[in-house]
Amino acid sequence: MIKVNNICCIGAGYVGGPTMAVIADKCPDININVVDIDEERIKKWNDKNLKNLPIYEPGLAEIVSRCRDVNLHFSNSVKEKISIADMVFISVNTPTKKKGLGAGKASDLRWVEESARQVAKFSSGHTIVVEKSTLPVRTAEVIQNILRSAEQDNQRIGVSFSVLSNPEFLSEGTAIKDLEKPDRVLIGGDNLDAMNALHDIYSRWVIREKILFTNIWSSELAKLTANAFLAQRISSINSIAAMCEATGADVREVSRAIGSDTRIGSKFLDSGPGFGGSCFKKDILNLVYLAEYFGLNEVANFWESVVKLNNWHQNRISKLVVKKLFGTVTGKKIVVLGFSFKANTNDTRESAAIQICKDLIDEGAEIWIHDPKVSELQIEKDLKMEPSKDTEGIKDHKLLNKTGKWKFSKNLKIFDRAHAVLMLTEWEEYKNINWEDISKKMVNPAWVFDARSITDPNKVENANLNLWRVGDGTSK
């Protein structure tokens, strides 16, 4: 029986931080160190003001408050924390490669490789190495080869390793809930003692029937496949939404009808502006790359079509806005509500809002963006464009020129002289907007474009506002 007293997690991002926080909360006898080379990120994890944590997830701040500096620690001391760890989680980012072999589809594994080399260099005794990052199939083989070199080093007597795959299946916005009450925990490996050691940690709060053992390659592929299937459902329902708009059907009614079929189920059948986040697009493209590598071109084409449809759907929303506003948005003020890729997270990676806002800015629109958790600096990074510094427009609400631009607002007092409101994230506060008051401030005929189906159609239309809802063909 392998006893785990000290855990080190390499990577304090969206997977490592919340996952280790929950393990620390459920296993008070285990000391957990989360390390990262990013000093600014670690500084935020240690900030006394919990509102400044680098990640927003409902319930996360409360857990950090209970466990931080008790059995949960955040630091840049990579070497030191690896050296005392019985188990090391690798939770670094694996973005899509931007250049070289497989660019645009394959995962960039440089940080995974670097982490494995650090473990090989600094560890002592027997160390269980756990893949937590979403990785291509057979990445464990790379890690094993690196670690094997340390085992064969005559100067590293007594050093040995076991490699496990333990992919995360959390959903941003509900990450803490997903970690505390998971549908399943997958542990892939070939060393039963190491697998049981990880099993014993999860069994503190997860029933044994939900902890599944597989071989390591099945575990790696299961994560990619799960995300691909979920993304496929989103692209599928968004394609049906376009059909609904053309035929007079309502996608919400169609979703309810097919979701009641137990063979299909109701989850991921809500039409929206398209899938986003750190995993779906990246993992599908990774699957495409793997299929091409193994000569399965028809398989690659099938999965690539899911991404193409998602891109088409995002572009059709921006085109629809232009069409409804008399064919031009040049010099027109458009209020964008929500920039994160979904509610209850500050993550903007692959958010549909990025491309939609870029399209409208390219068309000459003046975009005013509000999001309760995403910062102005993050939006600037995503749009690759500085916000307008012109304060005169804020004072008198006049459209100053016909050059596309964007501004950020910390509050919702931004509807004066707006030609349209575009709802891209389903934040709860947007559901309670008083459309009667807002309509009096807007330029008529004004539009509300609801890409999340969170408005009450009667309230919007009774306020003398035109309404477009994704997948709603019942009103023109």
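Colleague: Which residues of helix α14 are buried?

Modeller: In α14, which spans residues 376-383, the buried ones are Ile379, Asp382 and Leu383. Buried means under 20% relative accessible area, exposed over 50%, and partly exposed in between, with a 1.4 Å probe and protein chains only. Helices (H or I, at least four residues) and strands (E, at least two) are DSSP runs, numbered from the N terminus.

Colleague: What is on the face turned away from the buried side?

Modeller: Leu377 and Lys381, and these are exposed.

Colleague: And what covers the buried residues?

Modeller: The cover includes α13 (352-362), β10 (366-370) and β11 (405-408). Just after α14, lysine 384 has a positive phi of about 55°.

Colleague: Before we go on, what sort of model is this?

Modeller: It is a predicted model, in which local features need pLDDT of at least 70 and side-chain atom pairs count only at pLDDT 80 or more, while totals for chains, interfaces and linings use all residues. Residues are numbered from 1 along each chain as its sequence is written, and side-chain values use heavy atoms, with hydrogens and water left out.

Colleague: Fine. Where else is phi positive in a residue other than glycine?

Modeller: Asparagine 344 is one of them, with phi near 65°. Asparagine 344 lies in the loop between β9 (333-337) and α13, and at a relative accessible area of 33% it is partly exposed. Arginine 417 also has a positive phi, near 65°. The loop between β11 and β12 (420-423) holds arginine 417, which is partly exposed at 46%.

Colleague: Which residues does the cis peptide bond join?

Modeller: Asparagine 444 and proline 445, with omega about -5°. Proline 445 is in the loop between α16 (435-439) and β13 (447-450).

Colleague: Switching to the core. How many residues are in the largest nonpolar one?

Modeller: It has 44 residues, and Ile7, Met87 and Phe89 have the most contacts inside it. Helix α8 (residues 192-202) gives the most to this core, with six residues. A nonpolar core here is a set of buried Ala, Val, Leu, Ile, Met, Phe, Trp, Tyr and Cys residues joined through side-chain atoms within 4.5 Å.

Colleague: What is Phe89 in contact with?

Modeller: Leaving aside neighbours within four places in sequence, phenylalanine 89 is in contact with several residues, including Ile7, Met20, Val130, Leu198 and Tyr202. Contact means heavy atoms within 4.5 Å. There is also a second, separate core of 37 residues, which includes Ile317, Leu325, Phe449 and Ala451.

Colleague: Back to α8. Which strands does the chain link through that helix?

Modeller: The chain crosses from β7 through α8 to β8, in a right-handed β-α-β crossover. Right-handed means that, with the strands pointing away from the viewer, the path from the first strand over the helix to the second runs clockwise. Strands β7 (residues 185-188) and β8 (residues 211-214) run parallel and are joined by four bridges. Two strands pair if DSSP finds at least two bridges between them. Valine 185 has isoleucine 211 as its bridge partner in β8.

Colleague: How many aromatic pairs are there?

Modeller: Nine. The rule takes rings of Phe, Tyr and Trp (its six-membered ring) whose centres lie within 6.5 Å; planes under 30 degrees apart count as stacked, over 60 as edge-to-face and the rest as tilted. Tryptophan 45 and phenylalanine 74 have ring centres 4.8 Å apart and planes at 5°, so that pair is stacked.

Colleague: Where do those two lie?

Modeller: Tryptophan 45 is in helix α2 (residues 39-45) and phenylalanine 74 in strand β3 (residues 72-75), so the pair ties together parts 29 residues apart in sequence. Tryptophan 45 is buried at 0% relative accessibility, and phenylalanine 74 is buried at 6%.

Colleague: What about the rings of tryptophan 447 and phenylalanine 449?

Modeller: Their centres are 5.4 Å apart with planes at 10°, so they are stacked. Tryptophan 447 is buried at 11%, and phenylalanine 449 is buried at 0%.

Colleague: Which residues form an aromatic cluster?

Modeller: Phe229, Phe302 and Trp303 form one.
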